[in-house]
2 protein chains.
Amino acid sequence: MAAIDPSSAAFLLAENRSMPMHVGALQLYEKPEGAGPDFVRGMVEQMRDVPEIAPLFRKHPFRSPRTGGALVWRDDTQFDIEHHMRHAALPAPGRIRELLELCGRLHQTRLDWSRPLWEATIIEGLEDGRVAMYAKMHHGLVDGISAMRLLQKTLSTDPDQRDMPAPWSAEFARSRRGGKAVEAPDRGLSELPGEVVRSALGITAEAAGMPSALVRTLTRGVRNQTSTLSLHAPRTMFNQEITGARRFAADDWPIERLKAIGKATGTSLNDVVLAMCAGAIREYLIEHDALPEEPLIAMVPIGLKARDVGSASAEGGNAVGSVMARLATNVADPGERLAAIHASMADGKQALASMTPAQIIAMSAIGQVPAVLPPLLKMQGIVKAPYNLIISNVPGPQQPHYWNGAKLVGNYPASIPINGMALNITCTSYDGMLCFGLTGCRRTVPQLQRLLTHLEDAVVGLEEAAGV
Amino acid sequence: MAAIDPSSAAFLLAENRSMPMHVGALQLYEKPEGAGPDFVRGMVEQMRDVPEIAPLFRKHPFRSPRTGGALVWRDDTQFDIEHHMRHAALPAPGRIRELLELCGRLHQTRLDWSRPLWEATIIEGLEDGRVAMYAKMHHGLVDGISAMRLLQKTLSTDPDQRDMPAPWSAEFARSRRGGKAVEAPDRGLSELPGEVVRSALGITAEAAGMPSALVRTLTRGVRNQTSTLSLHAPRTMFNQEITGARRFAADDWPIERLKAIGKATGTSLNDVVLAMCAGAIREYLIEHDALPEEPLIAMVPIGLKARDVGSASAEGGNAVGSVMARLATNVADPGERLAAIHASMADGKQALASMTPAQIIAMSAIGQVPAVLPPLLKMQGIVKAPYNLIISNVPGPQQPHYWNGAKLVGNYPASIPINGMALNITCTSYDGMLCFGLTGCRRTVPQLQRLLTHLEDAVVGLEEAAGV
């Protein structure tokens with residue numbers, strides 16, 4: 001048995017029926033040429049046939065009178081790989097629609113605490129012959145960025161490589177640890193000096209750790225109108241209590257197409273991504289007759305390294321700071337909207353640059369511990385969160401990657417909607433594409449998949465405005 | 001919020017990672033002639049599109065300081081039919097093997113207590129074009145026999161009937177209640193006068209109700225060697241601690257074939273079923289070099305009505321008594337084995353006939369509350385259960401039944417392995433077939449599916465012995 005660190009415990013304790021606290025990813029693969037009818041079964045068997053499972057994938061939370069009522073990690077002595085590594089198929093006709101329906105259902109089901117907190121499902125039956133993998137892992141074990149990196153690390157840029165490791169094999173975990181020391185270990189937060197994080201977050205040894213310093217920073221921000229946080233987010237249909245029902249939508253766009261818009265307008269890729277989201281959300285809210293007069297605010301996690309090098313995008317590292325971006329959803333013209341977003345991001349980044357490292361790290365907990373934020377704000381008398389949704393852009397590899405010769409052709413993150421924040425948009429770049437994963441409460445955000453159409457329309461609108 | 005009756009609470013509280021406490025059923029359907037490619041989707045949609053869900057399917061267990069720590073039923077105010085009613089498909093090649101693998105996985109997953117305790121999955125992709133439904137429901141809501149009857153009641157003997165109700169629709173529940181008063185309501189036990197059951201089981205209002213009278217009866221039985229219970233069960237590989245991994249196997253045999261054996265040997269259908277199981281278990285244990293010298297003992301639930309009318313089979317009502325049957329697994333000759341089983345059952349039934357109704361009802365709890373039995377016995381200093389496994393034979397309808405024109409062609413029960421009782425065999429009759437469902441712990445009972453082959457071999461052996 002091992003103690004659970006306070007931020008992991010916070011994610012575990014924040015979980016309830018309406019808010020499962022796991023992150024997920026949907027990956028699409030193209031079978032290698034000449035793959036036989038047993039290719040997928042072989043893939044499943046190879047991922048199951050792991051001589052030793054890494055400790056991260058064997059431990060589960062446990063609480064009893066013997067542990068003094070405290071949550072601890074315990075090794076699963078009855079570990080059963082068949083429970084965690086699954087083989088499924090899509091109902092006919094096997095379109096992306098059926099795939100996203102299945103992913104929504106898999107993403108809404110809570111992980112069983114009496115077993116290690118992860119599952120992976122290899123899915124066949126796509127009409128185009130591709131193979132999908134949906135994987136989920138509790139945020140108490142790993143944050144979303146680290147989870148996606150973990151999956152990437154098992155892949156190879158060599159299409160001819162075979163005998164690839166499963167992400168949960170102990171051998172693979174050892175090889176990663178023996179390799180580059182800078183690689184993320186189990187969780188993103190642990191890349192930061194532990195003492196700094198703990199003291200900045202005001203985390204004590206008590207379970208459900210109270211990031212009081214974070215709240216102080218945030219409270220000061222909201223009350224004193226410092227520029228990073230001096231924003232008023234209108235209440236929208238996204239900012240309600242949520243249920244445990246989930247919908248997941250995913251699609252991708254060529255990065256070149258988005259970069260061309262940025263180049264023509266003097267804005268960054270990240271600005272264009274935000275403008276796409278803003279345009280899509282505006283259309284969606286108009287459709288639902290629910291567009292507020294004031295612009296929506298997005299919390300945009302930003303990498304520390306990006307700030308250090310003055311980069312205009314979020315690329316360069318795990319997100320450990322964040323900017324509040326005005327999405328200009330009240331502006332009808334796509335070009336003007338993009339310009340307004342660009343200005344808002346520039347403001348925010350300047351404010352970020354003037355913060356102390358401890359403040360920035362404290363703010364990072366907004367991204368790292370989203371679930372505990374609203375109740376904490378409520379306790380401080382702040383009834384509204386200062387933003388409407390989180391839009392993350394997580395950098396990924398630009399070369400094609402392969403798993404035993406199967407080419408990864410899409411990689412879409414699934415995130416965690418929380419009470420008051422029913423929609424989450426996370427993008428990741430991969431091999432010339434920007435892959436969007438939209439995760440929402442199915443009840444609070446009906447017809448979530450419509451946002452995919454609106455995203456494409458928004459790109460077209462921006463292209464027209466930019467004259468490209 | 002409503003109080004949970006003690007026997008339901010016992011099932012809920014007995015549940016843990018190694019012992020999920022739900023019963024299940026696998027049904028196979030043939031599509032009606034002329035069914036289009038959207039037939040299965042339509043089936044799913046019709047089962048989802050239920051204007052009002054019956055209370056039994058809306059309630060979930062809940063415990064908090066506000067309930068004084070007691071378990072209560074609470075209506076799920078966020079009820080989400082898409083969580084409970086699922087649409088899945090089999091991986092290629094879609095054989096029965098893939099179907100049973102999926103059912104094993106679905107059967108081993110615990111139901112989430114924060115939601116109502118049932119799930120149903122319609123499964124397409126069988127290579128022969130048939131459609132399957134696997135449904136599971138917590139034993140705290142309904143016992144296995146009542147669950148199967150509930151599913152049956154939604155079906156029709158008329159192949160042309162359409163607009164069939166979903167088992168969970170409130171309309172259907174009302175129509176059942178308004179119909180024949182003798183129909184089983186939510187649970188089997190409630191068919192018996194409540195006072196009799198409660199006093200016979202010694203159940204108090206405390207959660208986890210202690211069936212002390214049952215234990216007294218059983219202890220007396222074991223110690224005083226009264227004939228119903230005066231049996232010594234050898235320890236076998238089935239009688240170990242189990243894990244949460246499950247395997248499910250299912251197949252059916254023509255009843256005429258089994259009855260011909262009974263007719264030629266002067267034994268009952270139930271005797272032949274037990275002899276089939278005995279023969280299969282003997283072969284399985286020989287294969288694993290684990291056949292004990294002494295014969296295995298099966299606990300065979302028996303219907304009260306069957307006893308009343310002196311019937312030789314278990315047909316005629318819910319099982320509320322039980323007989324301990326010597327399976328004669330030490331006898332190599334199939335004919336001699338059948339004769340020994342017949343004699344053992346006759347002994348047992350005679351003993352049953354001499355018991356008081358209260359004793360019989362108390363014994364029923366062995367079947368109704370299997371999970372609480374071993375710990376109770378242990379508390380009484382009885383370290384071994386007096387039997388090795390439970391073999392139930394639940395009567396079902398003999399005419400073909402249909403769901404919206406789709407013909408039910410197979411109906412297989414999935415039951416609850418418990419610690420010390422790793423294998424369960426339940427059969428049910430349907431339309432001229434005897435359908436067997438074998439549920440076991442995948443670790444403790446490896447290669448469970450081999451038992452299907454052994455069952456067929458046992459039938460052939462009995463046929464040869466009987467000269468039919």
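**Reading a two-chain predicted model**

Modeller: Let's open with helix α4 (residues 96-108) of chain A: at 1.5 Å a residue, its 13 residues should span 18 Å, and the end C-alpha atoms are 18 Å apart, which agrees. The expected span is 1.5 Å times one less than the number of residues. Helices (H or I, at least four residues) and strands (E, at least two) are DSSP runs, numbered from the N terminus.

Modeller: Some ground rules: this is a predicted model, where local features need pLDDT of at least 70 and side-chain atom pairs count only at pLDDT 80 or more, while totals for chains, interfaces and linings use all residues. Residues are numbered from 1 along each chain as its sequence is written, chains are lettered from A in the order in which they are written, and side-chain values use heavy atoms, with hydrogens and water left out.

Biologist: How many of the 13 residues of α4(A) are buried?

Modeller: Buried means under 20% relative accessible area, exposed over 50%, partly exposed in between (1.4 Å probe, protein chains only). Ten of the 13 residues of α4(A) are buried, so the rest of the structure largely encloses this helix. Among them are E98(A), C103(A), R105(A) and H107(A).

Biologist: What should I look for in a sheet?

Modeller: Strands of a sheet pair through backbone hydrogen bonds, either parallel or antiparallel. Two strands pair if DSSP finds at least two bridges between them. Chain B has an open sheet of three strands in the order β1-β4-β3, with antiparallel pairing. β1 (2-3) and β3 (59-62) of chain B each have a single partner strand, so one side of each has no neighbour in the sheet. β3(B) pairs with β4 (residues 72-75) of chain B over four bridges, and K59(B) has D75(B) as its bridge partner in β4(B).

Biologist: What rotation superposes chain B on chain A?

Modeller: Copies are superposed by least squares on the C-alpha atoms of residues with pLDDT of at least 70 in both. Here a rotation of 180 degrees with 0.0 Å of shift along its axis does it (RMSD 0.0 Å). That is the relation of a two-fold axis.
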